Amino acid sequence: MSLPSLTDTSTLIRHRRSIKPVDMDAARTVEPELVTELIENATWAPNHGMTEPWKFHVYSGAARQGLAEGLSSIYQRTTPAADFREDKFKKMGENPLLAPVIIACVMERSGGGKIPEMEEIEAVSCAMQNMMLSATAAGLGSFWSSPPVLETTDFQNWLGIRSEDRCMGLLYLGWPKPGLVWPRSMRQPVSSKITWHHD
Ligand SMILES: Cc1cc2nc3c(=O)[nH]c(=O)nc-3n(C[C@H](O)[C@H](O)[C@H](O)COP(=O)(O)O)c2cc1C
């Protein structure tokens, strides 16, 4: 087995960008085998106590309409009138139809809470990053969306998860639209993030 070089790994990590659903080719399907491989890579994330605290709900085809309706109706029902934003409401009803695949990524508690919740959340975050990097390697765009509606009891019930579980995000996946200019991003100089301790 030959491993990708550090240079290749750095290139992959730095090339990953959030690609918005509007920039995905809705008409081009992502094969279930590829989605399964991305999810399998997600499951290779580190996790404390081998709890493997992740579950993935995959929406494609006509099921995306149900997700769009679920999100927008729950947003409408649970958002206080003063906070309600028509543009957000509209987006929730549209975004799931712009991407061929959406994966609701869930942190599932187990083992009587032996592992702190924070660590289970951290493990699922690692899993989601594995998935996004794998998607990038495959040429797919990915986008992590976390509207507050995901935290509502109504959405938990809609998704069929327990109150102690959390939907940590919707991962949109899709091939970039032909001709899409790959977005650029910035990071602070790494030296500003490091404190070296010698001796
Ligand atoms: C936990 C988490 C939640 C996020 N939720 C949203 C979101 O709800 N809406 C959004 O536009 N971007 C969301 N993002 C994506 C960030 O906006 C994006 O990663 C950031 O702008 C950096 O761009 P890059 O991913 O291209 O490097 C989220 C990212 C993370 C890690």
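Mentor: Let us start with the ligand. The residues around the ligand are Arg-16, Arg-17, Ser-18, Phe-143, Trp-144, Ser-145, Ser-146 and Arg-187; a residue is near a molecule or strand if one of its heavy atoms lies within 4 Å of it. Please bear in mind that this is a predicted model, in which local features need pLDDT of at least 70 and side-chain atom pairs count only at pLDDT 80 or more, while totals for chains, interfaces and linings use all residues. Residues are numbered from 1 along each chain as its sequence is written, and side-chain values use heavy atoms, with hydrogens and water left out.

Trainee: How many nonpolar, polar and charged residues does the shell around the ligand have?

Mentor: The shell has two nonpolar, three polar and three charged residues. By definition, Ala, Val, Leu, Ile, Met, Phe, Trp, Tyr, Cys and Pro count as nonpolar, Asp, Glu, Lys and Arg as charged, and the others, Gly among them, as polar.

Trainee: Why is Met-168 called buried?

Mentor: Buried means under 20% relative accessible area, exposed over 50%, and partly exposed in between (1.4 Å probe, protein chains only). Met-168 has a relative accessible area of 13%, and is therefore buried. Met-168 lies in strand 4 (residues 166-174); helices (H or I, at least four residues) and strands (E, at least two) are DSSP runs, numbered from the N terminus.

Trainee: With which residues is Met-168 in contact, leaving aside its neighbours within four places in sequence?

Mentor: They are Cys-105, Met-107, Ile-121, Val-124, Ser-125, Met-128, Trp-144 and Ser-146, where contact means heavy atoms within 4.5 Å.

Trainee: What makes Ser-134 count as buried?

Mentor: Its relative accessibility is 15%, so Ser-134 counts as buried. Ser-134 is found in helix 5 (residues 117-138).

Trainee: What links the side chains of Ser-134 and Asn-41?

Mentor: They make a polar contact at 3.0 Å. A polar contact is a pair of N or O atoms within 3.5 Å; within protein, one must be able to donate a hydrogen and the other to accept it, and residues adjacent in sequence count only if both atoms are side-chain atoms. Leaving aside neighbours within four places in sequence, Ser-134 is in contact with Leu-38 and Asn-41.

Trainee: Is Ser-163 buried or exposed?

Mentor: Ser-163 has a relative accessible area of 64%, and is therefore exposed. Its place is in the loop between helix 6 (153-159) and strand 4.

Trainee: Why is Met-50 called exposed?

Mentor: The relative accessible area of Met-50 is 59%, so the residue is exposed. Met-50 belongs to the loop between helix 2 (32-42) and strand 1 (54-60). Its phi is near 50°, a positive value in a residue other than glycine.
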